[in-house]
Amino acid sequence: MRFVFEKRQSVSRQALVLVPVGSFFVSLLLGAVLLLASKVNPLTTYAAMAHGAFGSWYNFSETLVKAIPLMLTGLGVSIAFRMRFWNIGAEGQLVWGGVAAAWVIIFLADVIPPWLLLPVALLLGVVGGALWAGGPAVLKATLGVDETLTTLLLNYVAILFSQYLYYGPWRDPEGYGFPGTVQFPQFAWLPRLGGTRAHVGLIFAIVAAALLWFVLNRTRWGFELKIIGENQTAARYLGINIARHIVWAMLLSGALSGLAGACEVTGISRRLQQGLSLGYGYTAIIVAWLAQLNPIAVLFVAILMGALLVGGDQVQMMMGLPASVGIVLQGMLLFPMLAGGLFTEYRLRIIRAEKAAPVAEVQP
Amino acid sequence: MNEPEAENTLKNPILEMRGIVKQFPGILANDHVDLELYPGEVLSLLGENGAGKSTLMNCLVGLYRPDEGEIYVRGQRVDIHSPKDAAALGIGMIHQNFKLVQTMTVAENIILGIGALPFVPDMDAVSRRIRELSARYSLQVDPQAYIWQLSVGEQQRVEILKLIYRGAEILILDEPTAVLTPQESHELAGVIKVMMAEGKSAIFITHKMEEVMEFSDWVRVLQHGRLVAVKRTAETSPQELARLMVGREVLFRLEKRAGTPGETLLELRDIHAEDDKGLPALRGVSLALHGGEILGIAGVAGNGQRELTEVVTGLRKVRQGRVLVRGEEQTNRSPLTMIKAGISHIPADRIGMGVVGDMAVSDNLVMKGYREAPLVEKGVLRPRRILKYARRLIETFRIATPTPQTRIKFLSGGNIQKAILAREISACEGLLVAAYPSRGLDVGATETVRKMLLEQRDKGMGVLLISEDLEELLTIADQIAVLFEGAVMGVCPAQEADIESLGLMMAGVRQTELASAPAIA
């Protein structure tokens with residue numbers, strides 16, 4: 001019996017859906033091996049995680065709290081990835097969005113009328129994220145500087161700079177030495193949904209996903225972006241201005257991550273403090289891949305990823321396991337997903353019974 | 001020993017393939033194909049693209065395994081699992097794209113991959129043996145030279161030497177003359193004759209009739225995976241073979257009306273440009289192309305053709321010189337400017353540049369027209385209109401595709417080329433740059449492509465046709481210019497051109513030198 005991979009005649013639609021779903025279950029199985037090795041029952045662990053993430057309205061709202069920044073950064077990363085621009089700087093762009101929003105609220109409160117303060121803060125957050133992404137984009141477009149390095153390294157610059165701000169000049173003098181800025185005035189808080197911590201960032205994310213779907217699939221700009229991503233040589237030959245697209249796509253990409261940061265600052269912590277950089281910008285990469293760069297799918301995958309984070313916290317509290325169980329599962333999701341990509345273009349054929357004949361030997 | 005029934009020949013076949021079946025999803029690539037090869041003889045395997053020639057040979061060299069069928073070498077049943085097994089049986093193949101390491105010497109390449117090699121090979125002995133073989137088969141090549149220093153023709157000699165060095169008795173050559181000048185092809189014919197005289201044998205994969213007639217003793221014609229004819233070359237004609245291959249009569253002479261050249265569409269004045277490595281690729285090229293005219297560019301690949309097309313389409317900057325389109329200055333403009341100036345481009349690298357493989361056929365068909373209404377309005381695409389537009393092109397240009405939504409990479413090479421032609425011709429406004437438009441296409445598709453180019457000419461467009469196929473240039477071009485090492489060796493009207501003088505120009509002799517040579521018949 002032999003196993004042979006054969007190229008499919010066309011891309012399998014079932015595989016496009018089955019591979020991410022299948023990968024999820026494979027990652028649960030791999031996780032189970034790990035849990036068994038630490039002598040805990042995987043089933044009860046998973047049940048506890050599921051309950052923690054979806055068990056009640058409140059639990060679900062906490063899942064959304066984690067999912068919202070993942071949605072926005074996931075969308076941002078997807079745009080860049082669509083044109084094979086490896087923006088792994090969503091984390092730094094998110095931090096800059098938060099810093100810019102905080103700056104508006106802390107320093108411009110006297111200049112801007114109260115009702116306008118939050119919109120301006122969000123807008124500047126968007127601009128902050130966009131500019132932070134724009135730098136690497138311009139370098140790439142004009143000098144061909146590798147974006148993987150620049151976006152990644154700029155994350156550290158952003159994170160450390162924000163720390164400098166809330167440990168240093170922006171620290172609340174009445175904060176009992178606690179590292180963080182003053183709390184924002186209540187009129188600059190991002191409205192929350194019901195009695196939960198989930199905020200209207202959710203609505204921003206849904207609207208952004210819908211708009212993005214339209215832009216990517218139905219506009220001339222999205223069409224050109226796709227051509228660049230699939231075949232840059234062809235794009236050049238077709239007269240598409242690649243440099244300009246790189247810059248615009250990255251500005252949009254950074255803008256969405258910046259919005260995520262601004263929402264975190266105004267909706268959750270309500271001040272700039274430790275805990276703005278929780279790694280959402282990195283998880284966004286997994287979100288984008290699992291969603292296969294489809295903006296609508298990003299929303300659902302972000303909820304799944306949020307659930308793993310909340311579920312991880314839950315098992316820490318209830319079962320005394322490390323919260324990183326959730327993060328381990330997130331990571332494990334990517335491997336079967338990448339391997340499974342093979343099945344969209346190839347299929348496995350099993351060949352039974354060989355015609356008898358020895359290997360390259362001459363028969364009388 | 002088995003005694004296979006030979007067909008009216010006294011010799012026993014050195015190689016026999018019986019009832020070879022190879023199935024791929026959706027297609028039967030080989031359907032019970034038989035093959036016999038006799039020592040000292042050349043067999044041509046003739047067929048259109050996708051007829052199953054390469055599949056059959058890949059089964060023979062162990063790259064594929066046949067689903068059914070038997071292979072006998074020297075009368076004995078064998079089972080070939082890998083190219084190594086094939087080599088052990090004395091079977092070697094020269095692929096269309098040479099498998100040579102550019103940064104290593106000829107001698108190193110020749111011994112590369114030989115299993116039983118001492119840890120420190122005696123390179124002097126290797127070189128000596130190579131020189132010996134070179135002399136015997138008149139395959140001149142310096143064993144110490146690096147591959148990157150060699151011309152394409154010389155590299156092919158290295159490939160042949162590699163097989164001989166390893167003691168190959170059965171040589172398979174995949175379209176060996178595609179990259180050669182006419183003179184080099186004749187030299188190759190000489191080399192083959194010497195080898196055949198020593199009792200070696202060869203299989204030629206080809207779809208060129210001239211090659212079949214010039215090189216082979218026998219010809220087997222494949223059509224849609226099936227063996228449709230076995231002929232002695234001496235007893236057949238190119239016309240008969242073409243009919244057998246395509247399954248219908250082929251027009252070898254295309255109707256070409258006398259051209260009526262119009263205004264000057266494109267003018268190149270003393271163009272100098274560099275290649276990707278920064279080395280001079282065009283050295284003072286001056287050419288003029290008129291409306292209603294096909295200007296053919298002849299030359300062995302790699303003599304500046306690529307750079308020339310890129311300069312005209314805005315993909316490459318010139319260092320010196322001017323590009324004028326309809327008399328207007330268009331030097332060093334962007335590709336988009338050149339498209340808007342009315343230049344269409346059928347690129348040499350179809351898969352890499354001409355299409356986006358993972359996008360739909362319909363998307364690929366509108367990649368030039370999507371910028372304008374009615375396909376786009378206020379920046380928003382109109383999918384229904386795009387589909388309708390694509391359907392029309394698919395029908396007009398007879399592009400065989402399961403659906404307009406099929407990803408274009410799943411189409412055959414000929415249909416991909418038809419799609420590019422459809423897009424470029426329908427968007428063309430004056431000037432068409434066509435690089436090797438019929439390369440690798442079968443007879444039927446080649447005919448279609450040539451007809452389309454002639455139609456464009458008759459409509460008053462100017463066509464810049466880059467081709468390595470002199471037959472093609474003589475058939476459809478009005479003027480032929482020959483490029484050699486980035487310079488134009490000469491330009492002559494196609495009616496007055498003959499293959500011999502074109503061949504000499506392709507080898508670097510200037511037209512003026514040809515004329516000054518004493519004309520003794």
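How much area is buried between domain 1 of chain B and domain 2 of chain B, and what share of that area do carbon and sulfur atoms give? About 1,200 Å², with 61% coming from carbon and sulfur atoms. Keep in mind as you click around that this is a predicted model.

**Stop 1: the two domains**

To see where that area sits, colour chain B by its domain assignment: domain 1 is 1-90 + 169-250, domain 2 is 101-168, and domain 3 is 264-342 + 428-516. Where they touch, domain 1 of chain B puts in 15 residues and domain 2 of chain B puts in 14.

**Stop 2: the contact from the domain 1 side**

Now select B:Leu171, B:Val191 and B:Glu198. Together these supply 30% of the area that domain 1 of chain B buries against domain 2 of chain B, more than any other three residues. Stay on B:Glu198 and bring up B:Arg136: the two form a salt bridge, with their closest N and O atoms 2.9 Å apart. The count of salt bridges between these two domains of chain B is two, and five residue pairs are in polar contact across the interface.

Next, show the cartoon. On the domain 1 side, β7 (170-174) and α6 (182-197) of chain B are the elements that give two or more residues. Helix α6(B) gives the most, with six residues. By type, the residues of this side split into nine nonpolar, one polar and five charged.

**Stop 3: B:Asn364**

Jump to helix α12 (residues 361-365) of chain B, where you'll find B:Asn364. Is B:Asn364 buried or exposed? It counts as buried, because its relative accessibility is 2%, under the 20% cut-off. A polar atom of the B:Asn364 side chain lies 2.8 Å from the backbone nitrogen of B:Val356. Among the other residues that B:Asn364 touches are B:Met359, B:Ile408 and B:Arg423.

**Stop 4: B:Arg371**

Last, pick B:Arg371, in the loop between α12 and β17 (376-377) of chain B. At 12% relative accessibility, B:Arg371 counts as buried too. A polar atom of the B:Arg371 side chain lies 2.7 Å from the backbone oxygen of A:Leu238. Back in chain B, the side chains of B:Arg371 and B:Tyr370 make a polar contact at 3.3 Å.

Definitions and conventions: Residues numbered from 1 in each chain as written. Chains lettered and ligands numbered in written order. Predicted model: local features only at pLDDT ≥ 70, side-chain atom pairs only at ≥ 80, totals over all residues. Heavy atoms only, no water. Domains from an automatic or database assignment. Contact = heavy atoms within 4.5 Å. Buried area = accessible area lost by both parts, 1.4 Å probe. Salt bridge = Lys/Arg side-chain N within 4 Å of Asp/Glu carboxyl O. Polar contact = N/O pair within 3.5 Å; in protein donor to acceptor, adjacent residues only side chain to side chain. Helix = DSSP H or I, 4+ residues; strand = E, 2+ residues; numbered from the N terminus. Nonpolar A, V, L, I, M, F, W, Y, C, P; charged D, E, K, R; others polar. Buried < 20%, exposed > 50% of the residue type's maximum accessible area, 1.4 Å probe, protein only. Lists of a residue's contacts leave out its neighbours within four places in sequence.
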